[in-house]
Amino acid sequence: MLYTYLLALHSLVRWFVLLALVTGIIAGYRGWLGKKPFTSRSNFLRHSIATVAHIQLVLGVWLYFVSPVIAYFLHNFKDAVHNRQIRFFGMEHSLMMLVAIVLITIGSAAAKRKPTDKAKFKTMAIWFTIALLVLLSSIPWPFSPLVSRPWLRF
Ligand code: HEM
């Protein structure tokens, strides 16, 4: 029951993470290249991205503890590690998403500390772009050949 809700929520929050990140990247490049002032709105956006990513991190780790897929992976490690679909969630997805969230956290914290507005935007643009690429590559999309999951779960 909890698992079903968590999985649906984790699937939904993915879209908030992606939306926030894309908005932040656009703002980052526009601010950097267009030499715009780093306003309190820009700072709110920077902070929101890290917050949404951390919410997804909590959901993901929680899911890791309740998912039957992960339970199977951990209890039958020797066999399960050769099963690409199960290993994807047991290792690849979880590790790559952790990396992406660390990149978002570093980018956000580094941008905050930069002395100039241009440097703040530039830091956001670069770190968030790399994080987005990692995220996009490790989400189980409906069209992913290896592990296909729905666009949204109800
Ligand atoms: C921004 C980061 C993340 C995004 C965008 C994301 C996205 C997703 C998506 C779309 C699914 C498929 C949901 C479905 O079946 O409908 C999923 C499943 C899952 N994710 Fe994540 N995830 C993220 C981070 C994490 C992290 C950090 C962990 C664990 C450390 C994690 C663990 C899992 C697990 C265990 C499953 C489900 C396995 C099962 O089917 O039981 N995720 N994730």
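1. The structure is a predicted model, in which local features require pLDDT of at least 70 and side-chain atom pairs count only at pLDDT 80 or more, whereas totals for chains, interfaces and linings use all residues. Residues are numbered from 1 along each chain as its sequence is written.

2. Helix α2 (residues 40–66) packs against helix α5 (residues 84–113) at an angle of about 155°, and their axes lie 10 Å apart. Helices here are DSSP runs of H or I with at least four residues, numbered from the N terminus. Axes are lines fitted to C-alpha atoms over the stretch in contact, with angles running from 0 to 180 degrees between N-to-C directions. The two helices, α2 and α5, are therefore roughly antiparallel (an angle over 145 degrees).

3. On the α2 side, the contact residues include R46, I49 and Y64, and on the α5 side they include S94, M97 and K112 (contact: C-beta atoms, placed from the backbone, within 7 Å). The contact of α2 with α5 comprises nine nonpolar, four polar and two charged residues. Ala, Val, Leu, Ile, Met, Phe, Trp, Tyr, Cys and Pro count as nonpolar, Asp, Glu, Lys and Arg as charged, and the others, Gly among them, as polar.

4. The ligand is surrounded by 28 residues, the closest being S11, R14, G60, S67 and M97 (C-beta atom, placed from the backbone, within 6 Å). Two or more shell residues come from each of α1 (2–33), α2, α3 (68–75) and α5. The shell has 18 nonpolar, seven polar and three charged residues.

5. K35 lies in the loop between α1 and α2. Its phi is near 50°, a positive value in a residue other than glycine.

Technical notes:
Parallel < 35°, antiparallel > 145°, perpendicular 65-115°, else oblique. Contact = placed C-beta atoms within 7 Å.
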